[in-house]
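Have a look at the sequence and the fold, then read on.

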Amino acid sequence: MTDHQNGVSMRVTLIEQEATQKVISFNDGHVPVLVVAAGERAGIRFLEFFASAIRNPHTRRAYLRAVRDFLAWCETMGVSSVAGVQPLHVASWIELQTRERSAPTVKLHLAALRHLFDWLVTGQVIPTNPAASVRGPAHSVRKGKTPVLDPLEARQLLDSIDVSTPIGLRDRALIGLMVFSFARVGAALAMRVEDVFVQNRRLWVHLREKGGKRHEMPCHHTLEAYLHAYLETTGIAKDPKGPLFRTIGRGTGRLSRTPLPQANAYLMVQRRTLAAGIGTRIGNHSFRATGITAYLKNGGTLENAAAMANHASTRTTQLYDRRRDDISLDEVERIRV
């Protein structure tokens, strides 16, 4: 590496450290070599893209991973700088990804490249976007892939939780919230105690959904009972500004003031379903789909389901509607041999 590149790398690293402290964590990585080779402006623009242009942390991580993988591959192909990336490079990499990954994942990777190169173009780092003309794989979805619990399985899971401990009360309240309010796990875990409130003599929840959308919904009577028991028994009702769902203090068996991470919530769901003897392989998002499907099976309308789930379009809600699974099973049983 030349003295100039070393100087650029040092300055970019300082910028990266500042951006990391303020906005994001780059974990064990640094600005890719191909970006550093394009100069200090390219390095700054690269960091600004992830620090300010992308607000969702999950999208940020996914885009950063895709961009790093692509630029590392370009380096092996002999590309010396991000300014030297051509449409052929992007198309070749996307073709390789298509052989190894699912279509939605490849489309996400291509979107990451398009957005990054657009950002570099508007920042006058490169003249054109090499990913703009590259087409991703075709993909059409009519039914979601999220595993859904049968209502009896959902009831079996909720009833199997031992609520004589704070952790049991917490887990039942969290699962119940996702089932009965169609809440995404991210929105549920971002709630504060004050986001559970009384309105018109009924308990309501306030959710902060994707895109900063504010969503309020009255509680099902079962969820109301779960939340009341959780808040009053654990004593966190006295801490309105604190997180609603919390970790358990090590060795204490009591709720801490640390918000429950999403990864921990996933592991909790796996433990609970295993203990309940449920064979369906589910995740956090399964409860949202379970609640929507149960609502529609009991005469609810697609339009109201979309409003309750805070979907912008009923087309999205239809991906969660798994009523036709029952029809398919009934029809399969007609094959009598």
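Which residue in strand 5 is the bridge partner of I248? In this predicted model, the partner is L255. Strand 4 (residues 246-248) and strand 5 (residues 255-259) run antiparallel, paired over two bridges; two strands count as paired if DSSP finds at least two bridges between them. Helices (H or I, at least four residues) and strands (E, at least two) are DSSP runs, numbered from the N terminus. Six residues sit between strand 4 and strand 5 in this hairpin, and G251 in the turn has a positive phi of about 80°.

Strand 1 (residues 196-199) and strand 2 (residues 202-208) are antiparallel over four bridges, and V196 has V205 as its bridge partner in strand 2.

## A pocket and its lining

The second largest pocket holds about 390 Å³ of space. Of its 17 lining residues, V179, F180, H220, G291 and A294 come closest to the centre. A pocket here is an open set of points on a 1 Å grid over the protein atoms alone, where a 1.4 Å probe fits, with protein on both sides within 12 Å along at least five of seven lines; lining residues have an atom within 4 Å of a point. The volume is the space filled by probe spheres set on the points, which are joined across faces, edges and corners.

Helix 7 (151-160), helix 8, strand 3 (214-218) and helix 12 (286-297) each give at least two residues to that lining.

The protein chain averages a pLDDT of 85, and 83% of the residues score at least 70; pLDDT is the predictor's confidence in each residue, from 0 to 100. Confidence is lowest in helix 1 (residues 3-22), with a mean of 46, and highest in helix 8 (residues 166-180), at 96.

Some ground rules: residues are numbered from 1 along each chain as its sequence is written, and side-chain values use heavy atoms, leaving out hydrogens and water. Local features need pLDDT of at least 70, and side-chain atom pairs count only at pLDDT 80 or more, while totals for chains, interfaces and linings use all residues.
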